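Here is a short briefing for a first look at this structure. Keep the model open beside the text and find each residue as it comes up.

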Amino acid sequence: MAGRVAGKTALVSGAATGIGQSVARRLAIEGARVAVADIDERRGAEVVAAIREAGCEAMFISLDVTEEAAWQAAIGAVESAFGGLDILVNNAGIAIIESVDKMSFKDWRAVMAVNIDGVFLGTKHAVPAMRRAGGGSIVNISSILGLTGEEKASAYSASKGAVRLFTKAVALECGRDGSGIRVNSIHPGYIHTAMMEETCRRDYGDIRTGLAELGKLHPIGRVGEPEEIAAGVLYLASDESKFVTGSELAIDGGYTAA
Ligand code: NAD
């Protein structure tokens, strides 16, 4: 199938729903063979079925991004099923919102485990596979809260800020070693997903009010859609961005422009 990532293979973590699902679908429609990786096996299988119904190629991989052995198995499974790994989208993430004095150390560690340890482990094991494939693109989903702070989001912001600089450090390593591996981060504004609906209910009482109020924080005047993040991932995953590495792409309706 022709497409902007035709012939490439991809693994998307946290792809059972939200932004990850949209990314997996878009990469598949654009010709990649996609591994939908998530802890949510039921929803992950539904995403795979939908991709296959559209005539594209996908497989489900059960992956907890905090488990190193699970990453090794996942990347091995992609290499044996698809013949190599070209694209890794480190998308799985969680948010625990609490003031710093009330945040338990367990919750702090849980956020760090998924949001930054998971990105480290995925990258660590993807790099050798991409070397074997002759190059690749790693796209790390950070956040506007990896660029600016937010009250009650100390753990989340710290984890997403870490993703931003981890990305740049690895981009330097991979740029200079001639491996042909590029590494970039994306910084979404508020995007209408389950994670955001939880924020709406918690902070504004209901989803509709929350969407309207959170929309006002973005100069464009609305929250974003998962497809708008998938479009950025597609660009960074494709060869159209072959001179782009270590960059941070804000897709945020102007949130961080101020
Ligand atoms: P979501 O909660 O809708 O979906 C997250 C997915 O990750 C789920 O399928 C979940 O099962 C999976 N997941 C959670 N923990 C996992 C683990 N340990 N291993 C594997 N998979 C796991 O979230 P979303 O809104 O689609 O967010 C996706 C990414 O985008 C996250 O990294 C998030 O921090 C980031 N982000 C989201 C927004 C937003 O407003 N929605 C804004 C900025 C950044």
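Ile 181 is buried, because its relative accessibility is 1% and buried means under 20%. Ile 181 belongs to strand β6, which covers residues 181-188. The model is predicted, so local features need a pLDDT of at least 70.

**Buried positions**

- Ile 181 can be compared with Gly 44 along the chain and in space. The two are 137 residues apart in sequence. From C-alpha to C-alpha, Ile 181 and Gly 44 are 27 Å apart.
- Asn 90 is found in strand β4, residues 87-90.
- Is Asn 90 buried or exposed? Asn 90 is buried, because its relative accessible area is 2% and the cut-off for buried is under 20%.
- The side chain of Asn 90 has a partner. A polar contact of 2.8 Å links it to the side chain of Asn 140.

**Exposed and partly exposed positions**

- Arg 132 sits in helix α4, which runs over residues 105-133.
- Arg 132 counts as exposed, because its relative accessible area is 57% and exposed means over 50%.
- Lys 152 lies in a loop, between β5 (136-141) and α5.
- The backbone of Lys 152 has a phi near 65 degrees. That is a positive value, in a residue other than glycine.
- Lys 152 is partly exposed, at a relative accessible area of 47%.
- Arg 222 is also in a loop, the one between α7 (207-216) and α8 (226-237).
- The relative accessible area of Arg 222 is 40%, so this residue is partly exposed.
- Arg 222 and Ala 162 are 60 residues apart in sequence. In space they are 27 Å apart, C-alpha to C-alpha.

**The ligand and its contacts**

- In total, 28 residues surround the ligand. The closest are Asp 38, Asn 91, Tyr 156, Ile 191 and Thr 193.
- How many residues of the shell are nonpolar, polar and charged? The shell divides into 16 nonpolar, nine polar and three charged residues.
- Thr 193 comes to 2.5 Å from an oxygen atom of the ligand, through an N or O atom of its side chain.
- Ile 191 uses its backbone instead. A polar backbone atom of Ile 191 is 2.8 Å from an oxygen atom of the ligand.
- Asp 64 faces a nitrogen atom of the ligand. A polar side-chain atom of Asp 64 lies 3.0 Å from that nitrogen.
- How much of the ligand's area does the protein bury? Taken alone, the ligand exposes 830 Å², and the protein buries 91% of that.

Terms used: Residues are numbered from 1 along each chain as its sequence is written. This is a predicted model: local features need pLDDT of at least 70, side-chain atom pairs count only at pLDDT 80 or more; totals for chains, interfaces and linings use all residues. Side-chain values use heavy atoms; hydrogens and water are left out. A residue is near a molecule or strand if one of its heavy atoms lies within 4 Å of it. A polar contact is a pair of N or O atoms within 3.5 Å; within protein, one must be able to donate a hydrogen and the other to accept it, and residues adjacent in sequence count only if both atoms are side-chain atoms. Accessible areas come from the Shrake-Rupley method with a 1.4 Å probe; for residues, only the protein chains shown count as cover. Ala, Val, Leu, Ile, Met, Phe, Trp, Tyr, Cys and Pro count as nonpolar, Asp, Glu, Lys and Arg as charged, and the others, Gly among them, as polar. Helices (H or I, at least four residues) and strands (E, at least two) are DSSP runs, numbered from the N terminus. Buried means under 20% relative accessible area, exposed over 50%, partly exposed in between (1.4 Å probe, protein chains only).
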